[in-house]
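Hello,

Here is the structure I promised to pass on. Have a look at it first, and then read my notes below.

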Amino acid sequence: MLSKNQARTFFLGGTVVFFLIFLGLSWHTLAREVPKQTNAQNLTESVIRGKEIFDKNNCMGCHTIMGEGAYYAPELTKAYERKGEAYLKTVLTVKEPWAPRGRKMVAYAMSDQDANDVIAFLKWVGEADLNGFPPKPDLQSKVPVPAK
Amino acid sequence: MKYKSQQIAWWFFALSGVLLLLQITYGFIMAFAHLGYDGLHDLIPFNAATATHKNLLVVWILSGFMGAAYFIIPDEAEHELISVPLAKLQFWSLAIVGVVAVIGFHLNWWEGRKFLEIPRPLDYLVVVNVLLFLYIIIMTLWKGKKRTTTSLVLTMGLLFAALLYLPGMIWFDNQTMDSFFRWWVVHLWVEGVWELIMGGILAYLLIKLTGVDREVIEKWLYVIVGLTFISGVLGTGHHYYYIGTPKYWLLIGGIFSAMEPLAFLGMALFALAMYRKGEKRHPNQMALYWTLGTAIISFVGAGLLGVAHTLPAVNMYTHGTFVTAMHGHMAFWGAYGMLVLGMITYAMPLMTGRKLYTAPGASYAFWLSNIGMVGMTTAFAAAGVTQVYLERKVGMDFIDTQQAMEVHFLVLIAAAALFTTGIVMFVVNFFKYGRPTDEALERS
Ligand code: HEM
Ligand code: HEM
Ligand SMILES: [Fe+2]
């Protein structure tokens with residue numbers, strides 16, 4: 001039967017080995033792959049300011065981005081592609097809570113510059129290679145179209 | 001109770017109970033907002049409610065862990081805490097930082113990073129607070145007569161939890177890197193070092209409640225925490241599928257995270273086996289309920305409901321939907337919520353000297369909260385599956401999908417009402433039990 005000493009060795013050994021592998025992979029991911037996959041060369045000042053504004057207002061407290069955040073408001077990874085610049089600009093700059101379909105967003109009434117930066121950030125996010133996320137609706141073509 | 005300084009735990013438990021009630025209040029605000037009743041929007045917008053809900057959760061659990069450590073470490077080390085005034089200072093600074101953070105959330109003062117919304121200046125205070133806590137615990141252990149495996153595993157968990165808070169404080173310009181390190185905190189906490197804390201507290205409770213030999217319990221404790229790290233560290237990869245990180249994480253994250261339930265299964269089997277094996281019938285039956293409960297519900301909520309969406313092909317569709325919320329609720333409740341409530345239930349009669357083991361309502365508190373949580377999990381699951389199919393698979397618009405999901409939030413609120421009734425009974429019981437007294441000290 002397993003002794004307490006063996007059990008301790010299993011714990012300490014396993015921890016050290018797997019943690020080292022994890023550190024190595026993390027280094028490879030961050031130093032080699034992420035800059036390529038996320039087009040780090042496109043991280044302009046405007047994109048970075050946009051991220052700061054996104055962060056400071058806790059946009060993730062309602063939306064998800066790259067699938068992370070809260071589930072009260074739409075996924076934003078592809079918002080730039082889906083909605084276009086003009087629409088996003090209106091949402092960010094209006095002075096009344098934006099609520100075209102009933103659910104309210106906080107009225108940020110951003111300046112032109114701030115809104116442009118947030119939009120630049122969203123555009124950058126949308127261009128990152130997320131291994132296929134968000135997925136294409138794979139059942140859409142199977143939904144029967146009702147006869148008129 | 002043998003050591004007078006263990007009494008300090010009461011304050012941390014009290015804070016835990018109060019913050020839990022407050023957390024639930026914000027849960028209702030969000031559930032009603034999902035139903036379309038967002039009357040509080042101007043005062044408490046959804047993002048303020050959600051930041052408060054998630055952070056209060058973390059703080060009440062941590063406060064419970066700290067109380068548990070202040071109770072367990074003197075007992076295990078056979079030494080008074082090195083300083084009660086310092087522990088009091090640590091308590092009040094924790095409470096104050098918590099309150100200031102919550103007020104800040106309502107004034108748009110935060111960082112928009114899920115679970116880590118506490119703004120930078122307060123982060124530094126948290127670090128100082130936790131350092132003080134660790135100093136008290138580690139010095140007590142150092143000066144103590146004994147250093148048991150249980151106390152070492154618990155302390156190691158607390159120490160690593162503190163260290164892992166640090167990567168969450170670094171600023172990155174790149175959203176992917178930001179997210180990468182957010183998971184070093186969030187994932188490596190709940191699926192890593194917090195399991196050490198859980199294992200330590202569980203082992204302590206089992207030793208006390210079942211009377212099984214310490215050597216046997218502590219041997220299995222090592223096996224369980226070994227399984228935790230072997231699966232859970234590389235298991236972090238299940239958060240690196242779709243955030244701009246390379247594809248090899250799909251394989252590594254998939255394989256290792258699918259093994260994570262083993263550690264939770266280990267805890268459940270371990271608790272049940274020790275319970276059967278134990279000859280002693282400890283009079284505190286409610287503490288035993290919570291102890292076995294946490295071992296079982298954590299396996300269901302974290303293990304089974306976690307593995308349900310951990311494979312890359314599934315997670316592609318469920319990532320960032322209510323399926324995640326379903327799992328998040330039962331996992332946090334089962335693994336860490338019930339554990340803290342179990343520790344409180346065990347400690348109260350010893351601290352107060354009242355041998356009132358089954359206070360009126362104690363059993364109702366257990367059953368109502370658990371049945372309520374099962375209902376809530378089911379409601380979240382229904383909402384999540386609906387969302388996955390309509391929005392992700394069929395391609396329906398976000399708001400149309402949300403409207404189709406509304407009925408599930410009605411069920412959520414009904415189940416949450418049951419849950420809340422149980423929690424209110426628990427907290428009322430706690431305060432009715434009275435305060436620790438010196439008369440409860442055992443003479444040796
Ligand atoms: C009355 C009880 C509760 C209600 C009505 C409730 C409701 C909610 C709602 C509506 C959300 C937000 C989902 C979104 O982003 O739109 C949420 C998030 C969350 N709640 Fe609760 N909650 C309750 C109690 C609890 C308890 C007791 C725990 C932990 C033990 C908990 C843990 C969480 C977690 C971890 C999240 C984040 C989930 C995620 O984003 O995946 N909640 N809750
Ligand atoms: C007590 C242990 C656990 C707790 C408290 C917990 C809690 C949570 C929470 C709160 C989230 C949402 C995090 C966020 O979006 O920031 C999450 C996500 C996730 N959890 Fe767990 N979890 C636990 C264990 C597990 C286990 C053992 C597995 C797998 C076997 C698992 C699989 C997942 C997956 C795949 C996600 C990502 C969901 C997504 O893509 O949106 N969890 N967990
Ligand atoms: Fe995880």
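A salt bridge here is a side-chain nitrogen of Lys or Arg within 4 Å of a carboxyl oxygen of Asp or Glu. By that rule, eight salt bridges cross the interface of chain B and chain A. One of them joins the side chains of B:Asp38 and A:Lys104, at 3.7 Å from N to O. On the side of chain B that touches chain A, helix α7 (residues 214-235) of chain B has the largest share, with 13 residues; helices are DSSP runs of H or I with at least four residues, numbered from the N terminus. That side of chain B divides into 42 nonpolar, 23 polar and 17 charged residues.

Please keep in mind that this is a predicted model, where local features need pLDDT of at least 70 and side-chain atom pairs count only at pLDDT 80 or more, while totals for chains, interfaces and linings use all residues. Residues are numbered from 1 along each chain as its sequence is written, chains are lettered from A in the order in which they are written, and side-chain values use heavy atoms, with hydrogens and water left out.

As for contact (heavy atoms within 4.5 Å), 82 residues of chain B are in contact with 68 residues of chain A.

Which classes make up the lining of the second largest cavity? Its residues are 13 nonpolar, three polar and no charged. α12(B) gives the most to this lining, with four residues.

Enjoy exploring!

Technical notes
Helix = DSSP H or I, 4+ residues; strand = E, 2+ residues; numbered from the N terminus. Nonpolar A, V, L, I, M, F, W, Y, C, P; charged D, E, K, R; others polar.
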